[in-house]
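Dear colleague,

Please find below the structure that I am handing over to you. My findings follow it.

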Amino acid sequence: MDIANYFFIFMIPSIAVYLLTPFVRYIALQLKATDKKNHRKIHNKVITNLGGISIYVGFLFGLMTLYVFNPSLLEPHIFHVRSLIVCSSMILLLGIYDDLQGSNAYIKFIVQSVVSLLLIKSGFIIGRIFIP
């Protein structure tokens, strides 16, 4: 694949997020899923929650675009891709619950730890971290 294909695969999810964000913001306003002002907040206008939905859909669009344009790249790793989708869905659900109902740090830590362990169990590793 040449650089134009990678650029296209990058742009499709970016455009999806750009177009979906106002719709998700509208839904969040209808559900009154907004950030409540308190002594720790510095914003002066209404900040909506649920933005993770747009990012998640963009992520799925990226995977779908990659699969359409270069399925041979994903097919050998389909188990990892499915694991990543399941685990990211769990994090999305936690985020939606937290945005709508509120969740304490203990619950978030437990769910994130379980998701991390599931990813590790499915074979995900961080081979190295490069900091330029």
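In helix 4, the buried residues are Val 81, Ser 83, Cys 87, Ser 88, Ser 89, Leu 92 and Leu 94. Please note that this is a predicted model. The cover over the buried residues of helix 4 includes helix 2 (51–69), helix 3 (71–74) and helix 5. The length of helix 4 was also checked: its 23 residues, at 1.5 Å a residue, should span 33 Å, and the end C-alpha atoms are 33 Å apart, so the two values agree.

**From helix 4 to helix 5**

Helix 4 is followed by Gly 102, which has a positive phi, near 90°. Ser 103 belongs to the loop between helix 4 (78–100) and helix 5 (105–121). With a relative accessible area of 16%, Ser 103 falls under the 20% limit and is therefore buried. Leaving aside residues up to four places away in sequence, Ser 103 touches Tyr 97, Asp 98 and Lys 108.

Two of these contacts also pair with each other: Lys 108 forms a salt bridge with Asp 98, and their closest N and O atoms are 3.5 Å apart. Because Lys 108 lies in helix 5 and Asp 98 in helix 4, the pair ties together parts that are ten residues apart in sequence. In general, side chains of opposite charge can pair when their charged atoms come close. The structure holds one salt bridge. As for accessibility, Lys 108 counts as partly exposed at 26%, and Asp 98 likewise counts as partly exposed at 22%.

**The surface of helix 5**

A nonpolar surface patch of about 570 Å² is made by Tyr 106, Ile 107, Phe 109, Ile 110, Val 114 and Leu 118. One of these residues, Phe 109, is placed in helix 5. Phe 109 has a relative accessible area of 53%, which is over the 50% limit, so this residue is exposed.

**Gly 58 in helix 2**

Helix 2 contains Gly 58. Gly 58 is buried, its relative accessible area being 5%. Which residues does Gly 58 touch, not counting those up to four places away in sequence? They are Pro 13 and Val 17.

With kind regards

Key. Residues numbered from 1 in each chain as written. Predicted model: local features only at pLDDT ≥ 70, side-chain atom pairs only at ≥ 80, totals over all residues. Heavy atoms only, no water. Helix = DSSP H or I, 4+ residues; strand = E, 2+ residues; numbered from the N terminus. Buried < 20%, exposed > 50% of the residue type's maximum accessible area, 1.4 Å probe, protein only. Contact = heavy atoms within 4.5 Å. Patch = residues over 30% accessible without salt bridge, like charges linked within 9 Å, V, L, I, M, F, W, Y side chains within 5 Å. Areas by Shrake-Rupley, 256 points an atom, 1.4 Å probe, with all protein chains shown as cover. Salt bridge = Lys/Arg side-chain N within 4 Å of Asp/Glu carboxyl O. Expected span 1.5 Å × (residues − 1).
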